[in-house]
Amino acid sequence: MIQEGEVFKALADETRLRVLNLFLLSEQPLCVCEIVDALKVPQYNISKHLTLLKHAGLVDVEKEGLWGYYRLKKDEPKNRAILAFLKDYLTGETFETDRRNLEVRLL
């Protein structure tokens, strides 16, 4: 069972908010390499942040061979409310730059 404190800890970091923003913008699961390219953050940092988001119950991972594809856990009722809030809240130049970088990466 996920403790509420874990969710709020996960949301208390700008990099994790940036990662969540990418998931909110993408209709498809994302691999670590796509997130690294979009955010310009080292792979080991992104992996650490994804682990925290997974433990908080906000993202899920599907393994395909050596690759892991992450996506939001939108089916959880509590997550729906949080994600709706974040979609409206995560605005600004940093999040817009991340969005553009992701679009370029996914082309």
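**Reading burial, core and helix packing**

Trainee: Is Thr-15 buried or exposed?

Mentor: Buried means under 20% relative accessible area. Thr-15 has a relative accessible area of 17%, so it counts as buried. Keep in mind that we're reading a predicted model here.

Trainee: Where does Thr-15 lie, and which residues does it touch?

Mentor: Thr-15 sits in helix H2. Skip the residues up to four places away in sequence, and what Thr-15 touches is Leu-39, Ile-46 and His-49.

Trainee: Let's follow Ile-46, then. Which residues is Ile-46 in contact with, leaving aside its neighbours within four places in sequence?

Mentor: Thr-15 turns up again, along with Val-19, Val-32, Ile-35, Val-36, Leu-39 and Val-41.

Trainee: How many residues does the largest nonpolar core have, and which have the most contacts inside it?

Mentor: A nonpolar core is made of buried nonpolar residues joined through their side-chain atoms. Here the largest one has 31 residues, and Ile-46 is among those with the most contacts inside it, together with Phe-23, Ile-35 and Leu-86.

Trainee: On to helix pairs. At what angle do H2 and H6 pack?

Mentor: To read a pair, look at the angle between the axes and how far apart they are. H2 and H6 pack at about 50°, with their axes 10 Å apart. That angle makes H2 oblique to H6, and H2 passes H6 in a right-handed crossing.

Trainee: Which residues make the contact?

Mentor: H2 brings Glu-14, Leu-17, Arg-18, Asn-21, Leu-22 and Leu-25, while H6 brings Thr-94, Phe-95, Asp-98, Arg-99 and Leu-102. Sorted by class, that's 5 nonpolar, 2 polar and 4 charged residues.

Trainee: And at what angle do helix H3 and helix H6 cross?

Mentor: The axes of H3 (residues 32–39) and H6 (residues 93–106) cross at roughly 130° and come within 8 Å. Angles over 145 count as roughly antiparallel and 65 to 115 as roughly perpendicular, so H3 is oblique to H6. This crossing is right-handed.

Trainee: Which residues of H3 and H6 make that contact?

Mentor: From H3 you get Cys-33, Glu-34, Asp-37, Ala-38 and Leu-39, and from H6 you get Asp-98, Asn-101, Leu-102, Arg-105 and Leu-106. By class, this contact has 5 nonpolar, 1 polar and 4 charged residues.

Methods
Residues numbered from 1 in each chain as written. Predicted model: local features only at pLDDT ≥ 70, side-chain atom pairs only at ≥ 80, totals over all residues. Heavy atoms only, no water. Axes fitted to C-alpha atoms, helices over the stretch in contact; angles between N-to-C directions. Helix = DSSP H or I, 4+ residues; strand = E, 2+ residues; numbered from the N terminus. Parallel < 35°, antiparallel > 145°, perpendicular 65-115°, else oblique. Left-handed = near helix turned anticlockwise from the far one by under 90°. Contact = heavy atoms within 4.5 Å. Nonpolar A, V, L, I, M, F, W, Y, C, P; charged D, E, K, R; others polar. Core = buried A, V, L, I, M, F, W, Y, C linked by side-chain atoms within 4.5 Å. Buried < 20%, exposed > 50% of the residue type's maximum accessible area, 1.4 Å probe, protein only.
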